[in-house]
Amino acid sequence: AEQAVELAPTSAYAQRVLMDVHFFRGERSAAIAAGEAALALNPYDVDVLADFGGRLAALGEIERGEAMLAKAAQAAPGLPPWVDYHRVIAAYLRNDAPAAAAAADQLMGEGYAPGLLARALASHLAGEDEAARADVRKLVALVPDWGSEPDAMIARFFPDPAVARRVRSDLAAVGLPIRNSAAVAN
């Protein structure tokens with residue numbers, strides 16, 4: 001990703017990919033800087049706007065992230081499922097069960113692991129723990145690492161320690177097999 005940015009320094013797409021790499025490595029400042037660079041290079045790229053907004057929400061900058069997600073949805077209705085995933089997570093993080101459920105209703109299919117994760121969190125927030133448990137079981141069946149390495153998976157999707165602790169607690173409450181470790185306790 002860094003080489004792509006070097007080769008195409010005016011590519012918003014290359015900066016977006018770099019943002020995602022930094023995000024999944026847990027490199028908050030670098031992820032935000034790359035997202036801001038991508039948006040500066042092409043403020044009209046709806047994918048950059050939505051992806052950056054989703055990453056910001058997962059990093060705890062919920063208000064700013066949701067504003068970007070709303071702007072992207074307004075500019076291009078019918079965005080891909082990963083945008084709905086981000087919308088669910090943002091609503092979940094601000095404890096808005098109706099908004100999380102509405103966004104989760106857009107997540108279709110059983111083969112999209114982030115969608116199952118988001119639906120489980122939204123269902124738990126709404127007090128529908130049996131539905132949340134069912135989605136957690138499907139998630140673990142689809143991606144076994146969620147069952148064998150839950151802390152690593154949570155950290156990957158939620159690099160902000162406070163957000164990760166909340167997600168960890170909620171997923172454990174609906175049956176994700178989490179051992180008593182402090183891996184996400186940072």
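How many of the 13 residues of helix H6 are buried?

## Basis of the description

This is a predicted model, in which local features need pLDDT of at least 70 and side-chain atom pairs count only at pLDDT 80 or more, while totals for chains, interfaces and linings use all residues. Residues are numbered from 1 along each chain as its sequence is written, and side-chain values use heavy atoms, with hydrogens and water left out.

## Helix H6

Ten of the 13 residues of H6 are buried, and the helix is mostly covered; buried means under 20% relative accessible area, exposed over 50%, and partly exposed in between, with a 1.4 Å probe and protein chains only. Helices here are DSSP runs (H or I, at least four residues), numbered from the N terminus. H6 covers residues 81-93 and reaches 19 Å from its first C-alpha to its last, close to the 18 Å expected at 1.5 Å a residue, where the expected span is 1.5 Å times one less than the number of residues.

The buried residues of H6 are Val-83, Asp-84, Tyr-85, His-86, Val-88, Ile-89, Ala-90, Ala-91, Tyr-92 and Leu-93. They pack against helices H4 (46-58), H5 (62-75), H7 (97-104), H8 (113-125), H11 (150-157) and H12 (161-173), contact meaning heavy atoms within 4.5 Å. After H6 comes Asn-95, which has a positive phi, near 60°.

## Helices H3 and H4

Helix H3 (residues 28-41) packs with H4 at an angle of about 160°, and their axes are 10 Å apart; the axes are lines fitted to C-alpha atoms, for helices over the stretch in contact, and angles run from 0 to 180 degrees between N-to-C directions. H3 is therefore roughly antiparallel to H4, a term for angles over 145 degrees, whereas those under 35 count as roughly parallel, 65 to 115 as roughly perpendicular and the rest as oblique. The crossing of the two is left-handed, that is, the near helix is turned anticlockwise from the far one by less than a right angle.

On the H3 side, Ile-32, Gly-35, Glu-36, Ala-38 and Leu-39 meet Val-48, Leu-49, Phe-52 and Leu-56 of H4. The residues of this contact divide into seven nonpolar, one polar and one charged, with Ala, Val, Leu, Ile, Met, Phe, Trp, Tyr, Cys and Pro counted as nonpolar, Asp, Glu, Lys and Arg as charged, and the others, Gly among them, as polar.

## Asp-51 in H4

Helix H4 also holds Asp-51, which counts as buried because its relative accessibility is 2%. Apart from neighbours within four places in sequence, Asp-51 is in contact with Arg-16, Met-19, Asp-20, Trp-82 and His-86.

## Helices H8 and H9

The axes of H8 and helix H9 (residues 129-142) come within 8 Å and cross at roughly 160°, so H8 and H9 are roughly antiparallel to each other. The crossing of H8 with H9 is left-handed. Among the residues that make the contact are Leu-116, Leu-117 and Arg-119 of H8 and Asp-135, Val-136 and Lys-138 of H9. The contact residues of H8 and H9 divide into nine nonpolar, two polar and four charged.

Val-143 is placed in the loop between H9 and helix H10 (145-148), and it is partly exposed, with a relative accessible area of 23%. Not counting residues up to four places away in sequence, Val-143 touches Ala-113 and Met-153. Val-143 and Met-153 are ten residues apart in sequence and 9.9 Å apart in space, C-alpha to C-alpha.
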